[in-house]
Amino acid sequence: MTQRPVPTAMLFACLSVTVLCCSGTQQTPAMPPAPDPDTRATLAGPLCDTGRCQCDDDPVAVGEPEPGFKRFKVELGPSQSELWATIDNNVFYKSVERASACFFIDLRSGEHPIGLRARGKAGFGAGLAIRELGPGGLWWYESFNFSCGAPGLCDLQSLRDWRESVADVSAGKHAPCGSVRILGIDWITGRMPDNLHPADFKLDARMKVYEFVPKHAPGTADCVKSE
């Protein structure tokens with residue numbers, strides 16, 4: 001039977017008790033199966049072809065979306081682990097043979113479920129960055145950024161530190177000048193061979209894309225808050 005995701009705070013409390021009080025096998029949440037090792041997504045822009053995109057940070061090179069859409073860059077890694085990112089029904093995959101993988105996708109305004117899955121034999125290192133293309137291809141907004149391990153293995157304390165860092169983000173708007181909010185971040189970890197480094201990890205959240213077109217460059221102090 002599949003177990004429902006455990007709230008983040010409760011999960012870490014349970015894991016802490018297990019690590020401190022038990023020397024045997026610990027209880028871990030049941031993890032759903034990982035997606036197939038393949039990219040299955042509607043990719044966008046001139047840098048993408050046959051399920052793969054070039055990792056180019058030049059906003060002009062990625063092209064502009066059709067009216068009614070906004071273009072996003074999804075980057076997995078750098079990491080030596082298998083990584084999957086999901087947005088809606090789109091699945092983006094990075095194999096162990098590649099340190100990083102980039103993808104471009106066009107989205108309409110509204111809420112979009114997003115996710116990250118990572119796994120390894122003894123642990124994992126993971127990175128996921130989602131960036132919104134600014135108007136006219138002038139710059140990128142850092143809509144979401146997760147990193148744990150890479151280099152090295154992700155551990156529970158690093159996950160706690162990241163959780164605290166995003167808790168300080170005002171109303172989920174990681175890029176105050178952009179048009180995206182990240183809401184409902186939660187995750188579960190699977191087996192931990194050494195009671196410290198999870199070997200399986202699943203993060204879920206929602207990305208709310210607003211209809212308005214951002215006007216200010218990243219870091220501008222007088223960014224207008226729009227709902």
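**View 1. Cys-53 is buried, with a relative accessibility of 5%.** Buried means under 20% relative accessible area, exposed means over 50%, and partly exposed lies in between, using a 1.4 Å probe and protein chains only. What you see is a predicted model, in which local features need pLDDT of at least 70 and side-chain atom pairs count only at pLDDT 80 or more, while totals for chains, interfaces and linings use all residues. Residues are numbered from 1 along each chain as its sequence is written, and side-chain values use heavy atoms, leaving out hydrogens and water. Which residue does Cys-53 form a disulfide with? The partner is Cys-48, and the two sulfur atoms are 2.0 Å apart; a disulfide is a pair of cysteine sulfur atoms within 2.5 Å. Cys-48 is buried as well, at 15% relative accessible area. The torsion about this S-S bond is about 105 degrees, so the disulfide is right-handed.

View 2. Phe-104 belongs to strand E6, residues 101–107. Helices (H or I, at least four residues) and strands (E, at least two) are DSSP runs, numbered from the N terminus. Why does Phe-104 count as buried? Its relative accessibility is 1%.

View 3. A search of the whole structure finds four disulfides, and counting the bonded cysteines along the chain gives the pattern 1-2, 3-4, 5-6, 7-8. Cys-177 is buried at 8% relative accessibility, and Cys-223 is buried at 16% relative accessible area.

**View 4. An open sheet is built from five strands in the order E5-E4-E7-E11-E10, with antiparallel pairing.** Which strands are at the edges? They are E5 (90–94) and E10 (180–189), each pairing on one side only. From one strand to the next, the twist averages 15 degrees; axes are lines fitted to C-alpha atoms, for helices over the stretch in contact, and angles run from 0 to 180 degrees between N-to-C directions. Two strands pair if DSSP finds at least two bridges between them. E7 and E11 (residues 200–209) pair over 10 bridges, and Ala-118 stands opposite Phe-201 in E11. Helix H2, residues 156–167, lies across E10 and E11 and runs at about 160 degrees to E10.

**View 5. Arg-117 sits in strand E7, residues 110–119.** Is Arg-117 buried or exposed? It counts as buried, at 6% relative accessibility. The Arg-117 side chain makes a polar contact with the side chain of Asp-200 at 3.0 Å, and it reaches the backbone oxygen of Pro-32 at 2.8 Å. A polar contact is a pair of N or O atoms within 3.5 Å; within protein, one must be able to donate a hydrogen and the other to accept it, and residues adjacent in sequence count only if both atoms are side-chain atoms. Beyond four places in sequence, the residues in contact with Arg-117 include Met-31, Glu-82, Trp-84 and Phe-201.

**View 6. Strands E8 (residues 126–133) and E9 (residues 140–148) form an antiparallel pair over eight bridges.** Find Arg-131, whose bridge partner in E9 is Glu-142. Six residues lie between the strands of this hairpin, where Gly-136 takes a positive phi near 70 degrees.

Conventions
Contact means heavy atoms within 4.5 Å.
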